[in-house]
Amino acid sequence: MFSNLNSKKIHITTLGCKVNQYESDVMLEELMKYGCLRAADNEPADIYIINTCSVTNMADKKSRQMISRMHRANPAAIIAATGCYVQASGNELVEKGIVDVIISNNRKSSVARILSEYLENGKAEDSFNDINSDPDFENMTLLMPENHTRAYIKIQDGCNNFCTYCIIPYLRGRIRSKKCTDIINEVETLAQNGTKEVILTGINVSSYKDSDLELKDIICRISQIQGIERIRLSSIEPRAITDDFLSLVSGLDNFCPHFHLSLQSACNKTLKAMNRHYTIEKYMDTCRRIREVFDKPAITTDIIVGFPGETDEDFEDTYKHLKELSLYEMHVFKYSRRKGTVADKLPDQVDERVKNERSNRLLELTSKQKKEFETSFKRTELSVLIEEIVEIDGTEYFRGHTMRYILVDIPVSDIADATNNKESFINRIVTTVL
């Protein structure tokens, strides 16, 4: 089957979210199963796959630039594109000769069939469709993450929130979830292949539902799989953090006290304009309850500055609340107009210079708060999952993350028996004092 893929050199480029990364990893495994070879970074490939992003206009631009770069890398290669930018652009990319093959967001598991058909016939059937017409979860299975240490597991897809700045619900479709049994089978296989940490991800992980099973039930079942020493969540909605949820996960030794809680703004007026279904007071209360249950949990978030109509007073309200929240880290984004969203048509668009000023202030604040959080663990013994070996100023270090996702570098010489057997320490969990 698909014998014409044998020995074809493949290069996959991933832009955007962790869901895309998971899907790229699965596509690569699928193609290698049929004899494809992974091209080295600087080696020309026979087939280039670009897994695109469309969360902002800048993401669209980067997706177009990456497609052009792959054309230049090997003009004779087949260019296949998938992901949200492709979902938004439809057949236009093929009609204009920009790419050879398009693959919709719910056809990525069929990548081997699609590329094989194109190689044979110069076209592929059923490679692209309207995502909103397909209510089923596209089941994909990862056998081994690329770095062999942590693995992203896509357990959910789609979103029903329709935040006014976001195009993703139109490009990923409605909420749908992976069957619990399929998740458990996937994680068991990963554990057998040596994976120590899994990160549960999706477009809106908080909405996970399989019959009467919810996110907390999936976490509990994964926690019982032998070999899985860490369970981490990707972004999660504040309203998903209930007392029942906290009571359950706080009793699991392998659950990471790291919560990436979506926020976007710390001003109620702006939150309402964004169609976010919570207030800053509710968000702050959620953080308080997390901190009551966990000892110094890492709470991180995303913030958009310069949303249409955000006045100086609104931003100062956001700044004041974020200073009080004292989060571990904030990912700060300047609002980018996105055609097809409600916010694109709103009045009072904010000047780019003002966006830059506000972004810089929050970046300065989060840098200070991040340093304070990490400093609070000085002289504390922590476990670190070793992910790679790096060299800094001539000294070799093991690099990895703690349960709270603090990045740590440990001198190789500090670990007994490691100097002459460095590679064997990759994917081990060791203890160190910061």
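**Close-up 1. Burial of strand β3 in the predicted model.** Strand β3 (residues 47-52) is largely enclosed by the rest of the structure, because six of its six residues are buried, where buried means under 20% relative accessible area with a 1.4 Å probe and protein chains only. I47, I49 and N51 point one way from β3, whereas Y48, I50 and T52 point the other way, and all are buried. Strands here are DSSP runs of E with at least two residues, and helices are runs of H or I with at least four residues, numbered from the N terminus.

**Close-up 2. The parallel neighbours of β3.** Strand β1 (residues 9-14) runs parallel to β3 and is joined to it by five bridges, with T14 standing opposite N51 in β3; two strands pair if DSSP finds at least two bridges between them. Strand β4 (residues 78-83) also runs parallel to β3, through six bridges, and the bridge partner of Y48 in β4 is I79.

**Close-up 3. The crossover from β3 to β4.** Together with helix α2 (residues 57-73), β3 and β4 make a right-handed β-α-β unit, meaning that, with the strands pointing away from the viewer, the path from the first strand over the helix to the second runs clockwise.

**Close-up 4. The antiparallel sheet.** Four strands form an open sheet in the order β17-β16-β15-β18, with antiparallel pairing, and its edge strands, β17 (407-411) and β18 (429-433), each pair on one side only. Strand β16 (residues 395-401) pairs with β17 over five bridges, and V408 in β17 is the bridge partner of G400.

Residues are numbered from 1 along each chain as its sequence is written, and side-chain values use heavy atoms, leaving out hydrogens and water. The model is predicted, with local features needing pLDDT of at least 70 and side-chain atom pairs counting only at pLDDT 80 or more, while totals for chains, interfaces and linings use all residues.

Terms used. Buried < 20%, exposed > 50% of the residue type's maximum accessible area, 1.4 Å probe, protein only.
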